Amino acid sequence: MIRAQGLTKTYDGKNAVNGIDFTVEPGRVTGFLGPNGAGKSTTMRMILGLDAPTKGSVTVNDHRYVSSPAPLREVGALLEAHAVHPGRSARNHLRWLAASNGIPTTRVGEVLELVGLDSVAAQRAGRFSLGMGQRLGIAAALIGDPPVVMLDEPVNGLDPEGVRWVRSLARQLADDGKTVFVSSHLMSEMALMADHLIVIGRGTILADSPLQDFMAEHASAYVRVKAPQSTDVEALLVGRGLDVTRVDDELRVQGLDAPAIGELIGGHGLFLHELTLVRSSLEDAFMELTADSVEYHARTEVAA
Amino acid sequence: MTELMAAPTSPSLGRAVKAEWIKLASIRSTWWTTLAMIVLGAGFTTIISGVVAGDIASGKSHDSPGEYITQGLIFSQISAVVIGALVVTSEYGTGLIRATLAATPVRSRVLAAKAIVVSGFLFVVGTVTAFLGYFGGNGFFRSEGVGISLGDEHILRSMFGAGLYMAGLGLLAAAIGLLVRHTAAAISIVLALVFIIGQVVQLIPGTFGEWVMKLMPGNAGPGIVVPVPFGDHMLTPWTGFAVFVGEIALLGLAGLALFQKRDA
């Protein structure tokens, strides 16, 4: 379990992480979602004690990471920047990691096999592709068989097969009862991987809820109704217990499918000008949620 | 995997040392640099001894073989500086420092482990280089009838002193590396300090300049390496080495303070 309380990081007077509170629970995959520069990596570095919080605290298994006697057996982390020396072989990289935490050397072979790098274990890491580098990073994260696994942008640079592998690995770790904390800037990826979502933008938590709830709240479909006698139509639909929101001259209706709404309105002798099922994607929801928090906007006009 | 979790876990410097040793030994450049250190150091001592042995034997030169028997180690200094600097700066260049600190979050322990590994390694290599140079060079002296023996005054001290001095140079470079966190900068600074600045300060006039020169790390430290000093303008061997160690300690403490404070 990871718990942050009032966690704050200030760089040059600017808050990169702004007093955030959150808890990452075991037994599920928690997605840490936010645009680039939102504070995901900074938060993860603070969890590992690499960066010192300006204010607040963060604990892993109820104590500070720094006070762990063998931290790799408690938390395994894949960091975004490849923390590997290009001149060292994959096996030697894992060997020193194991030695540093008193982990038996036999574990090196196990994790190499687990991530599928056993055939290239003797090669220097500098020759690895981005995807192989990610696999080595994941092997390093798993070397101590830790109950908490933290992966910063794990699918970056992976081919589709690798992406699927990371997804199923995260799932399996969570099913084993581990705490799995995965960051990404891709909503679509999180929708496939996470059970729970923590959305961060400009260093502030924007949402912290189960994926299902997040989807229901932010990415629900509705039926757009346009009618000349919109007040009567609205009254009729609300009278049937449907959820109706008025946006300008359109009504957004939830709780009934489009044909049934059309029949209901027609049955009461009212005219319809438009009846459309609108599905906003999760990606849209995420964009909307984080629109104000994106650090750098591209100056491109996109039709909404 | 279950017994993995059950294993007793206590923080230990020994583990950090083992990890640092694996790191140092698993990089090819370490061994190339070490090879250069031994070959250049022992090789030049041998060559220089071969050149002067005849003159000393014939009385044309009034120098003593002891002045030359560790001369080649001047070149070994470069390798010691490179190895010492890289132990720290290569981690910053590659981002590896984050993995290191995630594995061993107590930063003073990371530094202690690095210091033990780099100084231990360079002590051994420096001493071996000195002995090889001694045997190579003394071969020429002996064939000219002016050979020396390990039992002679200061010879053994200078053999192990070479190891101590190389270890110190490595630590000096590591400390500077910690301050600047950049390989080329760290190596340039230490080499300049030892080879150039140490000579240039001689131009400062008066007693002040004399003392500045004596106290420079590259002048104070290597006194213990030479069995017979070239002149009497330097500090005595152990006094000089103590000054050298003090300078390393100061820089090391400054490095530690920054290391503790800075984000990785």
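A crossing of two helices is called left-handed if the near helix is turned anticlockwise from the far one by less than a right angle, and right-handed if clockwise. Keep that in mind as you look at this predicted model, where local features need pLDDT of at least 70, side-chain atom pairs count only at pLDDT 80 or more, and totals for chains, interfaces and linings use all residues. Residues are numbered from 1 along each chain as its sequence is written, chains are lettered from A and ligands numbered from 1 in the order in which they are written, and side-chain values use heavy atoms, with hydrogens and water left out.

**View 1. Two helices of chain A cross.** Helix α2 (residues 90-100) and helix α3 (residues 106-115) of chain A have axes, lines fitted to C-alpha atoms over the stretch in contact, that come within 9 Å and cross at roughly 130 degrees. That makes α2(A) oblique to α3(A) (not under 35, over 145 or 65 to 115 degrees, on a scale from 0 to 180 between N-to-C directions). The crossing is right-handed.

**View 2. Side by side in α2(A) and α3(A).** From α2(A), A:Ala90, A:Arg91, A:Leu94, A:Arg95 and A:Ala98 meet A:Val108, A:Val111 and A:Leu112 of α3(A), with contact meaning heavy atoms within 4.5 Å. Six of these residues are nonpolar, none polar and two charged; here Ala, Val and Leu count as nonpolar and Arg as charged.

**View 3. Two annotated stretches of chain B.** An unreviewed UniProt entry annotates "transmembrane region" over several stretches, including residues 155-180 and 187-208 of chain B. Residues 155-180 of chain B are 100% helix, with end C-alpha atoms 37 Å apart. Residues 187-208 of chain B are 77% helix, and their end C-alpha atoms are 28 Å apart. Helices are DSSP runs (H or I) of at least four residues.

Terms used. UniProt positions renumbered as here; feature names shortened; annotations may be inferred.
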